[in-house]
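The sequence and structure come first, followed by the interface.

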Amino acid sequence: MSVPEQYFRAGHIAADVRNEIEKRVKTGDSLLHIANTVEDLIRERGGEPAFPCNVCLNEVAAHFTPFLDDQQSVSEGDLLKIDIGVHVEGFIADTATTISFNPMYDDLVEATRTALSEAVKSLKRDIKAGEIGDVISSVARRWGFKPIVNLSGHMLDQFRVHAGISIPNVWVSSTERLKSDTVYAIEPFLTTQEGAGHVVEGESRSIFSFLARKKTRDKELDEMIERIWSRYKTLPFSARWLIDSFDRNRVREMLERLVELKILRTYPILIEARGAYVAQAEHTVAMTEDGFRVLT
Ligand code: MN
Ligand code: MN
């Protein structure tokens with residue numbers, strides 16, 4: 001057995017797009033423009049977005065992608081997280097970066113990157129997921145920051161972003177081990193001492209995926225279900241991706257109707273519980289017979 005080569009292609013594209021967007025982003029850019037740019041760069045390189053590009057500012061930690069009418073943009077003083085998913089034939093690479101427009105948070109970003117690199121360096125065959133969490137929280141402590149305890153990395157599988165095993169950002173007494181020929185995203189999220197060290201759900205819900213594929217007896221909704229299934233399968237998607245096929249003024253309400261019908265699920269935005277700023281770094285790694293390979 002070995003890791004399918006599509007993972008390596010997806011990883012190469014994801015890393016390339018991350019490096020490119022880090023160079024391009026500047027204050028004044030809208031979040032909508034950043035997300036669209038990332039997704040276009042992925043497609044130009046022969047991949048597909050594995051989920052809508054997440055662009056999260058400041059205390060927003062995860063699960064935000066702009067709607068079509070989003071008005072937010074990056075300002076001086078902001079901490080911007082960009083989370084990028086690429087798939088090639090369903091095989092996913094997941095990577096993220098934080099860009100600081102505020103010198104007060106440069107250390108937080110550096111600490112988060114260090115937590116990721118030390119977590120990656122600690123990898124070895126059959127390592128327990130909880131041991132990786134221990135490395136991440138130790139680095140956070142050493143730098144005077146806190147890990148976000150209720151966000152974690154995850155195993156990846158074909159067309160599955162979260163495929164069972166979690167990689168925590170703190171030590172946990174789990175017995176789950178990272179086996180060879182499987183792929184994982186490792187993603188420390190760190191916040192400041194003022195933070196609670198955990199996230200809570202906010203109001204905004206802009207990312208969707210299938211819960212159950214079934215008929216509604218409404219022709220237009222059924223068409224939307226089939227369109228989503230044929231394009232995205234079980235992967236998360238954005239309302240932005242459906243305006244080529246449906247009325248852009250009605251896409252959001254149609255998706256919300258499908259959520260009510262329990263056909264789709266939606267992911268609430270996740271916000272630091274005390275409103276402290278959060279930084280994130282993420283790589284995807286393949287565990288191999290003799291160690292690991294960083295794909296991103
Ligand atoms: Mn990610
Ligand atoms: Mn991830």
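## Domain arrangement

In this predicted model, the C-alpha centres of domain 1 and domain 2 are 25 Å apart. Domain 1 covers 5–201 + 270–294 and domain 2 covers 205–269, with bounds from an automatic or database domain assignment.

Residues are numbered from 1 along each chain as its sequence is written, and side-chain values use heavy atoms, without hydrogens and water. Local features need pLDDT of at least 70 and side-chain atom pairs count only at pLDDT 80 or more, while totals for chains, interfaces and linings use all residues.

## Extent of the interface

Contact (heavy atoms within 4.5 Å) links 29 residues of domain 1 with 19 residues of domain 2. The two domains bury about 2,000 Å² between them, 67% of it on carbon and sulfur atoms; buried area is the accessible area (1.4 Å probe) lost on putting the two parts together, summed over both. Of the area that domain 1 buries against domain 2, F67, L68 and F159 supply 38%, more than any other three residues.

The rule finds 2 salt bridges across the interface of domain 1 and domain 2, a salt bridge being a side-chain nitrogen of Lys or Arg within 4 Å of a carboxyl oxygen of Asp or Glu. The side chains of R240 and E39 form a salt bridge at 2.7 Å, N to O.

## Contributing elements

Helix 2 (31–44), a DSSP run of H or I with at least four residues, gives the most to the side of domain 1 that touches domain 2, with 5 residues.

Definitions and conventions
Chains lettered and ligands numbered in written order. Helix = DSSP H or I, 4+ residues; strand = E, 2+ residues; numbered from the N terminus.
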